[in-house]
Amino acid sequence: MGADLLEYAVDAAVGMVILSVVLGFIRLAKGPSLPDRVVALDMMTVAIVGFCGLAAIRYQDIAFLDVGLVLALVGFLATVALARFAERRVARRDAAEEEEE
């Protein structure tokens, strides 16, 4: 009974993670702005890290946890890099507007 319940719970969680990745991809494609896309990409990364955790439970293999940890670190660095890019882009735009005035 306990193992069956865990199996059903993992199956339901995998379905929810897949749904969240699909919804995040839709937000990533639609935009409308760069910050929206950065948040969508970060959400998708977090969902995939959750999927790695679920895979570790389902297949009883801790190697998936290592993959999830590395993916979380890469996702964090990508989010920081994209945030810096967006900040510099706004600063350049503000500087160009000041020069025009």
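I shall go from the overall fold to the helices and then to individual residues. Please keep in mind that this is a predicted model.

Let me begin with the fold. The protein chain contains three helices and zero strands, and along the sequence its pattern reads α-α-α. Its radius of gyration is 19 Å, whereas the globule rule gives 13 Å for 101 residues; the former is well over the latter, so the chain is more spread out than a compact globule. The extents of the C-alpha trace along the principal axes are about 75 × 25 × 15 Å.

Next, burial and surface. Of the 101 residues, 18% count as buried. The protein chain exposes about 7600 Å², and 69% of that area is supplied by carbon and sulfur atoms. As for contacts between residues at least 6 apart in sequence, 48% of them join residues at least 24 apart.

I now turn to helix α1, which covers residues 2–30. Which residues of α1 are buried? They are V10, V14, V17 and G24. On the spacing of such positions, a general point applies: an α-helix has 3.6 residues a turn, so residues three or four places apart point the same way. The buried residues of α1 pack against α2, which comprises residues 34–59. After α1 comes G31, with a positive phi near 85 degrees.

Within helix α2, I would draw your attention to T45. T45 has a relative accessible area of 16%, and because the cut-off for burial is under 20%, T45 counts as buried. Apart from neighbours within four places in sequence, T45 is in contact with L71 and G75.

Finally, the aromatic residues. A search of the whole structure finds one aromatic pair. The ring centres of Y59 and F64 lie 6.0 Å apart and their planes meet at 35 degrees, so the pair is classed as tilted. How accessible are the two partners? Y59 is exposed, at 55% relative accessible area, while F64, at 29%, is partly exposed.

How values were computed: Residues numbered from 1 in each chain as written. Predicted model: local features only at pLDDT ≥ 70, side-chain atom pairs only at ≥ 80, totals over all residues. Heavy atoms only, no water. Helix = DSSP H or I, 4+ residues; strand = E, 2+ residues; numbered from the N terminus. Expected span 1.5 Å × (residues − 1). Buried < 20%, exposed > 50% of the residue type's maximum accessible area, 1.4 Å probe, protein only. Contact = heavy atoms within 4.5 Å. Phe/Tyr/Trp six-rings, centres within 6.5 Å; stacked < 30°, edge-to-face > 60°. Rg over C-alpha atoms; globule rule 2.2 N^0.38 Å. Areas by Shrake-Rupley, 256 points an atom, 1.4 Å probe, with all protein chains shown as cover.
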